[in-house]
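Work through the exercises below with the structure open. Each one has a stepwise solution.

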Amino acid sequence: MSTAALAGLSGTIEPSDITDRRAAAQALAVVRDGVITGEGPTAGGRIHFSRALDADDAAWCARILTAAGVASEPVSRAEAEALFDINEAGAERSDDGRFDDLFAKAVVHHAASASGLPVPSRTVALSPDTAIESWAPTKAVGVDTEVLECIASQMRGRRRSNRTLMTLVATIIGAATLPLAQIPNVFDIGL
């Protein structure tokens with residue numbers, strides 16, 4: 001039975017039930033649904049407004065992404081896509097930037113590992129105490145441009161952007177992959 005189905009039956013998501021990256025992506029989909037509706041296993045026992053992303057939602061994402069069953073694996077494309085969906089769903093933010101930090105680190109972790117570059121474990125890379133600049137690639141050398149183009153296309157299709165992620169993508173593969181309207185946000189310039 002899938003993590004999402006288990007959460008529907010039991011009313012909770014247990015990180016110990018996450019045994020692979022597919023299950024982690026499914027659990028992140030449950031978080032996304034909770035952010036959209038303000039209900040569900042990740043919103044239980046607290047007031048949660050629809051389309052709001054709070055510190056508890058960010059903590060759910062961190063627990064899922066660093067669950068023991070996936071801690072030694074790189075972040076998968078499905079997990080990264082689920083994080084893009086959560087980012088888009090959370091129109092209101094009250095998490096002090098924790099989700100944005102986690103989101104950028106997880107997507108870059110996926111891109112670097114999918115390119116065959118060495119990455120630290122998830123628990124190190126995704127920690128709020130670890131600066132993304134300490135491990136993320138800063139040049140296109142060795143980075144799979146197909147993976148980065150996929151990330152850039154995800155960014156193009158979204159209303160909500162992540163400054164750290166946009167800056168890293170622009171640095172690694174160039175501003176040409178970003179939508180023209182987002183370039184001023186990356187470089188803090190006006191057109």
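**Exercise 1.** In which sense does helix 4 pass helix 5, and which residues make the contact?

*Solution.* This is a predicted model.
- Step 1: handedness. The crossing of helix 4 with helix 5 is left-handed.
- Step 2: contact residues. Helix 4 contributes Arg77, Ala80, Leu83, Phe84, Ile86 and Asn87. Helix 5 contributes Phe99, Asp100, Phe103, Ala106, Val107 and His110.

**Exercise 2.** Decide how helix 4 and helix 5 are oriented: roughly parallel or roughly antiparallel?

*Solution.*
- Step 1: take the axes. They come within 9 Å and cross at roughly 150°.
- Step 2: apply the cut-off. Angles over 145 degrees count as roughly antiparallel.
- Step 3: conclude. Helix 4 and helix 5 are therefore roughly antiparallel to each other.

**Exercise 3.** Find the aromatic pairs and classify each one.

*Solution.*
- Step 1: count. There are 2 aromatic pairs.
- Step 2: Phe84 and Phe103. Their centres are 4.9 Å apart, with 90° between the planes, so the over-60 cut-off applies. The pair is edge-to-face. Phe84 sits in helix 4 (residues 77–89) and Phe103 in helix 5 (residues 98–114), 19 residues apart. Both Phe84 and Phe103 are buried.
- Step 3: Phe99 and Phe103. Here the centre-to-centre distance is 5.7 Å and the planes are 10° apart. That pair is stacked. Phe99 and Phe103 both belong to helix 5, 4 residues apart, about one turn of the helix. Both are buried.
- Step 4: join the pairs. Phe84, Phe99 and Phe103 make up one aromatic cluster.

**Exercise 4.** Which residue lies over the face of Trp60?

*Solution.* Arg63 does, at 4.4 Å from the ring centre.

Conventions: Residues numbered from 1 in each chain as written. Predicted model: local features only at pLDDT ≥ 70, side-chain atom pairs only at ≥ 80, totals over all residues. Heavy atoms only, no water. Phe/Tyr/Trp six-rings, centres within 6.5 Å; stacked < 30°, edge-to-face > 60°. Helix = DSSP H or I, 4+ residues; strand = E, 2+ residues; numbered from the N terminus. Buried < 20%, exposed > 50% of the residue type's maximum accessible area, 1.4 Å probe, protein only. Lys NZ or Arg CZ within 6 Å of the ring centre and 35° of its normal. Axes fitted to C-alpha atoms, helices over the stretch in contact; angles between N-to-C directions. Parallel < 35°, antiparallel > 145°, perpendicular 65-115°, else oblique. Left-handed = near helix turned anticlockwise from the far one by under 90°. Contact = heavy atoms within 4.5 Å.
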